[in-house]
Amino acid sequence: MNQITTQVESCANCGLSETRTKVVLGAGTLDAKIVLVGEAPGRKEDESGLPFVGSSGKLLDRLLAAAGLSRDDIFIGNIIKCRPPKNRRPKKSEVGQCEGYMMEQLEIINPAIVAPMGNSSLSYFQERFGLEKQVIGDVHGKVIDIKAPWGRTKLFPLYHPAAAIYRRHLLGELEEDMKKLGELASK
Ligand code: SF4
């Protein structure tokens, strides 16, 4: 993981290296049974170099605690390690240049459960593992078995916490899904 950190910190594989303040490698334990994966860092993450800070990070912490989990038990990261300007969606070419870092991180951590947060992250994993394309509204909180390079793994899609801030009706569903995730991890 230290080697990946060194590579990412000096990475200039795509144009996002010119606009980032800090790379956001992800954080948590390397023994994590659960890895949460978002799409890309936002403004606060870019400033701090830490994943999921700011209001969606605070909500995520509260949801994790209610499910009997904490950041110390899991690993949280993003597919892309540098913030796209104005939080635009990452380009396919940027994802292509960056995804290898996350896949290497996942191979090192070897999690039992990968939880993509939000449609973009879900879509990435669907494409990566040849799964049927479905939107987050149809598959959130459901277990999808995948054969990943690091072994058999459960994909457990979640709404992105930011979506639950802007669309409050999703909050209850996200709370329920997070509890299911906590139960799944304790088996
Ligand atoms: S987004 Fe990824 S590929 Fe692009 S510069 Fe940052 S670390 Fe490198």
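## Strand 3 and its partners

Strands, like helices, are DSSP runs numbered from the N terminus, with at least two residues in state E for a strand and at least four in H or I for a helix; two strands pair if DSSP finds at least two bridges between them. Within this pairing, Ala27 has Ile76 as its bridge partner, and Gly28 has Phe75.

Strand 3 also pairs with strand 2 (residues 34-38), here in the parallel sense and over four bridges. Val37 stands opposite Gly77 of strand 3. In a regular strand the side chains alternate between the two faces of the sheet. Both faces of strand 3 are covered, with Phe75 and Gly77 buried on one side and Ile76 and Asn78 buried on the other. Buried means under 20% relative accessible area, exposed over 50%, and partly exposed in between, with a 1.4 Å probe and protein chains only.

## Packing of helices 4 and 5

Two packed helices are described by the angle between their axes and the distance between the axes. Helix 4 (residues 92-109) packs against helix 5 (residues 119-128) at an angle of about 80°, with the axes 12 Å apart. Helix 4 is therefore roughly perpendicular to helix 5. Angles of 65 to 115 degrees count as roughly perpendicular, under 35 as roughly parallel, over 145 as roughly antiparallel and the rest as oblique. The axes are lines fitted to C-alpha atoms, for helices over the stretch in contact, and the angles run from 0 to 180 degrees between N-to-C directions.

On the side of helix 4, the contact (heavy atoms within 4.5 Å) is made by Lys92, Val95, Glu99, Met102, Met103 and Leu106. Helix 5 contributes Tyr124, Phe125, Glu127 and Arg128.

## Ile4 in helix 1

Ile4 lies in helix 1 (residues 2-9) and counts as buried at 3% relative accessibility. Leaving aside neighbours within four places in sequence, Ile4 is in contact with Leu25, Tyr101, Glu104, Gln105 and Ile108. The C-alpha atoms of Ile4 and Glu104 are separated by 8.0 Å, although the two residues are 100 apart along the chain.

## Positive phi values and cysteines

Phe52, in the loop between helix 2 (43-48) and helix 3 (54-66), has a positive phi of about 50° although it is not a glycine. Phe52 is buried, at 5% relative accessibility. Asn110, in the loop between helix 4 and strand 4, is likewise a residue other than glycine with a positive phi, near 55°. Asn110 is partly exposed, at 43%.

The structure holds zero disulfides, a disulfide being a pair of cysteine sulfur atoms within 2.5 Å. Cys82 is buried at a relative accessible area of 8%, and Cys98 is buried at 9%.

## Confidence and conventions

The chain averages a pLDDT of 95, and 100% of the residues score at least 70; pLDDT is the predictor's confidence in each residue, from 0 to 100.

Residues are numbered from 1 along each chain as its sequence is written, and side-chain values use heavy atoms, with hydrogens and water left out. In this predicted model, local features need pLDDT of at least 70 and side-chain atom pairs count only at pLDDT 80 or more, while totals for chains, interfaces and linings use all residues.
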